[in-house]
Amino acid sequence: MAKFTLRTDNSYFFPLPHTKNTPFIKTSLQLQRFHFHLSPSKPRLRIVANTQHDVKDTHSTVSMAKLPVEPRHDAPLSGSDNLSEVVGNWPPWKNLPQRYKLIGTTSLAFVICNMDKVNLSIAIIPMSHQFGWNSSTAGLVQSSFFWGYALSQLPGGWLAKVFGGSKVLQVGVLVWSVATACVPLLAGYMPGLLLSRILVGIGEGVSPSAATDLIARTIPTEERSRAVAFVFGGLSVGSVMGLLLAPPLIQNFGWDSVFYLFGLLGIAWFLGFQVVEGDATQLTAESLLPAKPTTTQSWKTSLKELNGSLQDIPWKAFFQSRAVWAMIYAHFCGSWGHYTCLSWLPTYFSEELDLNLTEAAWVSILPPLASILVTSIASQLADKLISRGVETTKVRKICQSIAFLSPAICMTISSLDPGLPHWEVVGLLTGGIALSSFALSGLYCTHQDISPEYASILLGITNTVGAIPGILGVALTGYLLDLTHSWSVSLFVPSIFFYLTGTVIWLVFASSKPQSFSE
């Protein structure tokens, strides 16, 4: 079929419209005179503008508004066109699908999330010196984060279901970022400081459920595994970045600079997310689940939907299952070792191993870095075993046993031989904590194994109980340290106890067999 070609200062091809409703592109160019030529080599009709003729001669003119414009790509662009093209395509991610933008910004939120979680574990050292805090007080301050974190797990999931994960995530980031920036202002007033850390915990506590809802609504099934790994992988990156940035900031600008800077990063994220989410039409078009109602409608129906969702959950059946109780206790035991080490290892490296602030922070980076490697190995190993016919329950028990016994053995060796060189102690603790990441292929997969329908609710239940060691364990470690002046008794012995008892309970009662709780 022949095509029209318009030649003015720049070249354009005009394909003939196929329907009466073909959209037309308006132009602000002045009417010009066009000559028609049929090219013998290609079935195209060329229209050449002649601006020197009188536009009143309409026998050979064509109204440009009546032909849809298609840019011609074989003609060279002028300098102004090149500049316009670059400006039109800026920023570089402008033309990415909306779901990719959302996943990228959500992963960045999780990076900031763990930066704000670990910053206090470094800043607590100079803060304790400035305000004269003993280990018990320092433990109380650090544990206050987990008060809010534990309380917001299940409510975060319900709010994400009613209002959408995108909205809940935005509010969560804003709350924890503002609260982080307020820490230096409230540090001298203990109730205010504790409240600010509780708010940080509440903001971060709703984020996992919000991100899960957002992924479910915007990411197709064939892309979901990569999306989940990319989003939640931001936590490990955040731990590393927080431990890297905090020491030089504290040494050069004071401990308060960490909270101001990290808080501003979160506020900047909140403002930037408004731009990314601004294209509501595109987001709705790409969403896989029904779009959320408008704000007015959602407020009118939120309480009704929340009440209905609570009534539909088979709570009684959950707590009658031995497998669920095994998951609850295993999550509690794993969290005890994880949260106490996350909060106290920098101080342990600084005081017990006689490392300065920067050295302690650098050493504290090793466990999360090693965990990234172990996680990839464990997940591939577990999937390969299952694909070869090994029973799923057996695979989950093997992975979780490795996750519990490895740190227990390494902590026991570190406690029994106080004369070990520093690098051996660091290596043992790094290896043990890294191998505890096998839990991601053990406990954390069991929720989906036994009930895909209620996996998120089951994770909310176990994660709520799993946040309790952040409250009790972190504070108790500081109290025992003041009482005994022994890191072995205060930090390692309780973790070893829970690792061993958790292994026994898991091997006896855990199961990955599907269960129909609704019946």
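This is a predicted model: local features need pLDDT of at least 70, side-chain atom pairs count only at pLDDT 80 or more; totals for chains, interfaces and linings use all residues.
View 1. Ile-202 has its place in helix 6. Ile-202 also belongs to a nonpolar patch on the surface, which is the subject of the next view.

**View 2. A nonpolar patch on the surface.** The patch is formed by Val-171, Val-175, Leu-195, Leu-199 and Ile-202. Together these residues have about 370 Å² of accessible area. Two helices, helix 5 (165–186) and helix 6 (190–205), each supply at least two residues of the patch. Helix 6 provides the largest share, with three residues.

**View 3. Asn-119, a buried residue of helix 2.** Asn-119 is placed in helix 2. Because its relative accessibility is 0%, Asn-119 counts as buried; the limit for this class is under 20%. When neighbours within four places in sequence are left aside, the contacts of Asn-119 are Thr-180, Arg-197, Val-258, Phe-259 and Phe-262.

**View 4. The largest nonpolar core.** This core comprises 100 residues. The residues with the most contacts inside the core are Met-127, Trp-269, Phe-318, Leu-345, Tyr-348, Phe-349 and Leu-429. Helix 2, spanning residues 98–131, gives the most to the core, contributing 15 residues. Apart from this core lies another one of nine residues, including Ala-378, Val-395, Ala-403 and Ala-434.

**View 5. The surroundings of Tyr-348.** Tyr-348 is among the residues with the most contacts inside the largest nonpolar core. Residues up to four places away in sequence are not counted here; beyond them, Tyr-348 touches Leu-353, Val-425, Leu-429, Trp-487 and Phe-492. One of these partners, Leu-429, is likewise listed among the residues with the most contacts inside the core.

**View 6. The protein chain as the setting of the close-ups.** The secondary structure of the chain comes to 20 helices and five strands. Of the 519 residues in the chain, 46% are buried. Among contacts with a separation of 6 or more, 81% are between residues 24 or more positions apart. The chain exposes about 26,000 Å², of which carbon and sulfur atoms supply 64%.

Notes
Residues are numbered from 1 along each chain as its sequence is written. Side-chain values use heavy atoms; hydrogens and water are left out. Patches are made of residues with over 30% relative accessible area and no salt bridge: like charges are joined within 9 Å, nonpolar side chains (Val, Leu, Ile, Met, Phe, Trp, Tyr) within 5 Å. Accessible areas come from the Shrake-Rupley method with a 1.4 Å probe; for residues, only the protein chains shown count as cover. A salt bridge is a side-chain nitrogen of Lys or Arg within 4 Å of a carboxyl oxygen of Asp or Glu. Helices (H or I, at least four residues) and strands (E, at least two) are DSSP runs, numbered from the N terminus. Buried means under 20% relative accessible area, exposed over 50%, partly exposed in between (1.4 Å probe, protein chains only). Contact means heavy atoms within 4.5 Å. A nonpolar core is a set of buried Ala, Val, Leu, Ile, Met, Phe, Trp, Tyr and Cys residues joined through side-chain atoms within 4.5 Å.
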